[in-house]
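Colleague: I'd like to go through this model with you, a few spots at a time. Shall we start with how you number things and then get into the details?

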Amino acid sequence: MTENKTYIVRVPATTANIGSGFDTLGMSLGLYNVVQFVPAEGIPLVDTKIEAEGEGADQITEGLDNMIIKAMDETARQAGKSIPGGKMYLINRIPFARGLGSSSAAIASGVFLANMLMGEPFNRKDILDITAAMEGHPDNAAPAILGGFCMALLKDGNVTAERIDIPSHWKAVVTIPDFELHTEKARAVLPDSYPRSDAVHNIGAVSFLMAAFMYQKPEYLKLGLDDVIHVPYRLNLIPGASDVIRNAERAGAYGATISGSGPTIIAFAPADRAEKVGIAMVNGFAAAHITSRYLVLDFDHNGIMAV
C-alpha cells in the first residue's frame, strides 16, 4: 500500500435470476460505479471520510454501516491484516434497490479495494467467495467479479462459477421505475415450497435459457425467461410490470423479465430495436401511473477492475 496514492476501482451493474435462473444466473451490464480511495496512516478504517455523487448520494452512510467499508473490514480480517482509513469518493451510476446489483457492487468494490491495499493476497476466485458469502447468494456476485453471463453455485462458502460471453449485437434495455423494492420484501412473497410441475417447468426453461446464450439463439430467450418460481409472485409488487413486459415483446424484444428482485424490468433486444423497446416499456409503466426511465446498455465482459 502506498500512502496518499489514489486507488480506483470500477464495478459493473448486474442483473440476476434472468427469469428461470433463480439465485444461480446473472450477467454484467455496461453501467458502472467508481470508487476512489486515498489511504492515510493513523486514520481507522471506520473513520474514513466518504463523499459521493450520482445515484443515492444522499443515502450514503459511513463507518461499518457503509457496505464498502464493511466489505473492506471483512476482507482485511480474513487476510489477518489491517488497513487504514482515509478519504473515499464514490461515483454512483447504479440505482439503489432497483434490481441492478447495487449491493453486490458495493461489496465487490470493498473486497477488491481492500485486496489491492494489502498487496493482493487474494486471487479473483477468493474475491468472489468473500463477496458471495457477504451477499448471501452468488448470482449478482459472480458477474460483478467475472463479467459476462455467469452461472454460479454457492456451497459451504465456496463458489463454483463459469462465465460465457454475451453476443455483442444483443442489447440490454433496462427500464427503471421511480420507486425502490428491497430484496427482503421481494423474497418475502415467495412460497416455501413448489409443486413438482413448477420445478420441472423451470428445469426445462433454464435449459433453453442456457442454450440461448451458449449458441447465440435469441429465439430461445422467451422460453428461457418463462419462470414460475419467483417472477409471478413478484409481478404484483411492481405496478404495470406485466404490461411493460408485453410492450417490450411487441416492440421487438427477444424477451423481457424482472431484473433481479425488481422493480426494474430488463429486456433483451437487437440493437436496431432497442430504443423502440425502451419507449414501449416506459409507456407500459406510464399506463399504471408510474414514472420510469430506460437505458440501452451493452454487456460488460470484464467484471470489476482497477482503473
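Predicted model: local features only at pLDDT ≥ 70, side-chain atom pairs only at ≥ 80, totals over all residues.

Colleague: Then where is N17 found, between which strands?

Modeller: Think of the two strands as DSSP runs that leave a loop between them. One of them covers 7–16 and the other 25–39, and N17 is in the loop that joins strand 1 and strand 2.

Colleague: Is N17 buried or exposed, and what is its relative accessible area?

Modeller: N17 touches F22, D23, L25, D139, H230, R234, G260 and S261, leaving out residues up to four places away in sequence. The cut-off for buried is under 20% relative accessible area. N17 counts as buried, because its value is 3%.

Colleague: On to helix 10: which residues are buried there, and why do they end up on the same side?

Modeller: Helix 10 runs over residues 274–287 and reaches 20 Å from its first C-alpha to its last, close to the 20 Å expected. Its buried residues are A274, V277, G278, A280, M281, G284 and F285. They share a side of helix 10 because the arc they cover around the axis is only 165 degrees.

Colleague: What do the buried residues of helix 10 pack against, and which exposed residues sit on the face turned away?

Modeller: The packing partners are strand 7 (170–177), helix 9 (241–250), strand 9 (265–270) and strand 10 (292–297). On the face turned away from the buried side, the exposed residues are K276 and A287.

Colleague: Which residue just after helix 10 takes a positive phi?

Modeller: Look just past the end of helix 10, where phi comes out at about 65 degrees. The residue there is H289.

Colleague: D198 is buried yet has no salt bridge, so how far away is the nearest side chain of opposite charge?

Modeller: D198 is in helix 6 (residues 196–214), and beyond its neighbours within four places in sequence it contacts V228 and I229. A salt bridge would need a side-chain nitrogen of Lys or Arg within 4 Å of a carboxyl oxygen. The nearest side chain of opposite charge is R196, at 11 Å.

Colleague: How many residues does the largest nonpolar core have, and which element gives the largest share?

Modeller: That core has 64 residues, and L29, M72, M88, L113, F149 and F213 have the most contacts inside it. The largest share, 10 residues, comes from helix 2.

Colleague: And how many residues are in the other core that lies apart from it?

Modeller: Its members include F179, L235, A251 and I290. This other core has 24 residues.

Definitions and conventions
Residues numbered from 1 in each chain as written. Heavy atoms only, no water. Helix = DSSP H or I, 4+ residues; strand = E, 2+ residues; numbered from the N terminus. Expected span 1.5 Å × (residues − 1). Buried < 20%, exposed > 50% of the residue type's maximum accessible area, 1.4 Å probe, protein only. Arc of directions from axis to C-beta. Contact = heavy atoms within 4.5 Å. Lys, Arg positive; Asp, Glu negative; His and termini not counted. Core = buried A, V, L, I, M, F, W, Y, C linked by side-chain atoms within 4.5 Å.
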